[in-house]
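Here is a short report on one protein model. It covers the fold, the sheet, the helices, the cores and the charged pairs.

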Amino acid sequence: MKYPLEFLCFFNTINNNFEFIGSIKVMNEFIKVITTIDSKSKAVDLCQKSVELRLTACAQISGPIQSIYQWQNKIESSEEFYCVFKTKKDLYRRLEDFIKKNHPYQTPEIIAINIVAGSSDYLKWIESETV
């Protein structure tokens with residue numbers, strides 16, 4: 001797998017020129033997918049199954065968090081658990097379908113965020129652990 005390189009530089013105001021700091025690998029093949037769910041046991045189940053199915057290389061759970069939101073013309077507040085799934089971009093639709101099928105909410109939050117740069121070893125690991 002080949003990744004384009006981006007170079008990190010800074011402008012040295014004393015010498016009036018750019019100085020090379022290093023390079024990073026830039027990707028557009030990997031994403032983090034986020035959802036929230038109403039219990040820790042459901043979060044663990046959702047994350048565990050996504051890894052078992054190799055839709056994600058890693059899933060993390062944090063919380064509880066407090067969510068405040070509009071729902072059916074009312075302001076609601078509830079305790080939730082935050083789930084983050086690390087995967088390949090081309091698995092997004094399958095992961096989204098999996099979350100919808102296994103999520104208790106009528107309209108679950110499912111958001112994908114591009115991973116724009118990262119450790120090449122870590123990203124190779126995501127690649128190797130997902131289908």
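## Terms and basis

Helices (H or I, at least four residues) and strands (E, at least two) are DSSP runs, numbered from the N terminus. Contact means heavy atoms within 4.5 Å. Axes are lines fitted to C-alpha atoms, for helices over the stretch in contact, and angles run from 0 to 180 degrees between N-to-C directions.

The model is predicted: local features need pLDDT of at least 70, side-chain atom pairs count only at pLDDT 80 or more, and totals for chains, interfaces and linings use all residues. Residues are numbered from 1 along each chain as its sequence is written, and side-chain values use heavy atoms, with hydrogens and water left out.

## Overall fold

The protein chain has 3 helices and 6 strands. Read from the N terminus, the order is β-β-β-α-β-β-α-β-α. Of the 131 residues in the protein chain, 34% are buried. Buried means under 20% relative accessible area, exposed over 50%, and partly exposed in between (1.4 Å probe, protein chains only).

Consider the contacts in the protein chain with a separation of 6 or more: residues 24 or more positions apart account for 66% of them.

## The sheet

Four strands form an open sheet in the order β4-β5-β3-β6, with antiparallel pairing. Two strands pair if DSSP finds at least two bridges between them. The edges are β4 (58–71) and β6, each pairing on one side only. Neighbouring strands of this sheet are turned by 30° against each other on average, direction ignored.

β4 and β5 run antiparallel and are joined by 12 bridges. Here Cys58 stands opposite Lys86 in β5. β3 and β5 are also antiparallel, with 8 bridges. β3 pairs with strand β6 (residues 111–114) over 4 bridges, again in the antiparallel sense.

Val33 has a partner on each of these strands. In β5, its bridge partner is Phe85. In β6, Val33 stands opposite Ala112. β3 is mostly covered, with 7 of its 8 residues buried.

Helix α3 (residues 120–129) lies across β3, β4 and β5, and runs at about 95° to β5.

Two packed helices are described by the angle between their axes and the distance between the axes. For α1 and α2, the angle is about 145° and the axes are 11 Å apart. Their crossing is right-handed. A crossing is left-handed if the near helix is turned anticlockwise from the far one by less than a right angle, and right-handed if clockwise. Leu46, Lys49 and Ser50 supply the α1 side of this meeting, and Leu95, Phe98, Ile99 and Asn102 the α2 side.

## Nonpolar cores

A nonpolar core is a set of buried Ala, Val, Leu, Ile, Met, Phe, Trp, Tyr and Cys residues joined through side-chain atoms within 4.5 Å. The largest has 15 residues. Those with the most contacts inside it are Val33, Ile37, Cys83, Phe85, Leu95, Phe98 and Ile99. β3 (30–37), α1, β5 (74–88) and α2 each give two or more residues to this core. α2 gives the most, with 4 residues.

What does Phe98 contact, leaving aside its neighbours within four places in sequence? Phe98 touches Leu46, Lys49, Ser50, Leu53 and Leu55. A second, separate core has 5 residues, including Phe30, Ala57, Leu123 and Ile126.

## Salt bridges

The structure holds 5 salt bridges. A salt bridge is a side-chain nitrogen of Lys or Arg within 4 Å of a carboxyl oxygen of Asp or Glu. Asp38 and Lys42 form one, at 3.2 Å from N to O. Asp38 is partly exposed at 35% relative accessible area. Lys42 is also partly exposed, at 35%.

Asp45 and Lys49 form another, at 3.3 Å from N to O. Both lie in helix α1 (residues 40–52), 4 residues apart, about one turn of the helix. Asp45 is partly exposed at 40%, and Lys49 is partly exposed at 32%.

In the bridge between Glu96 and Arg93, the closest N and O atoms are 2.5 Å apart. These two residues are 3 apart in helix α2 (residues 92–102), about one helical turn. Glu96 is buried at 12% relative accessibility, whereas Arg93 is exposed at 56%. Salt bridges that share partners join Arg93, Glu96 and Lys100 into one network.
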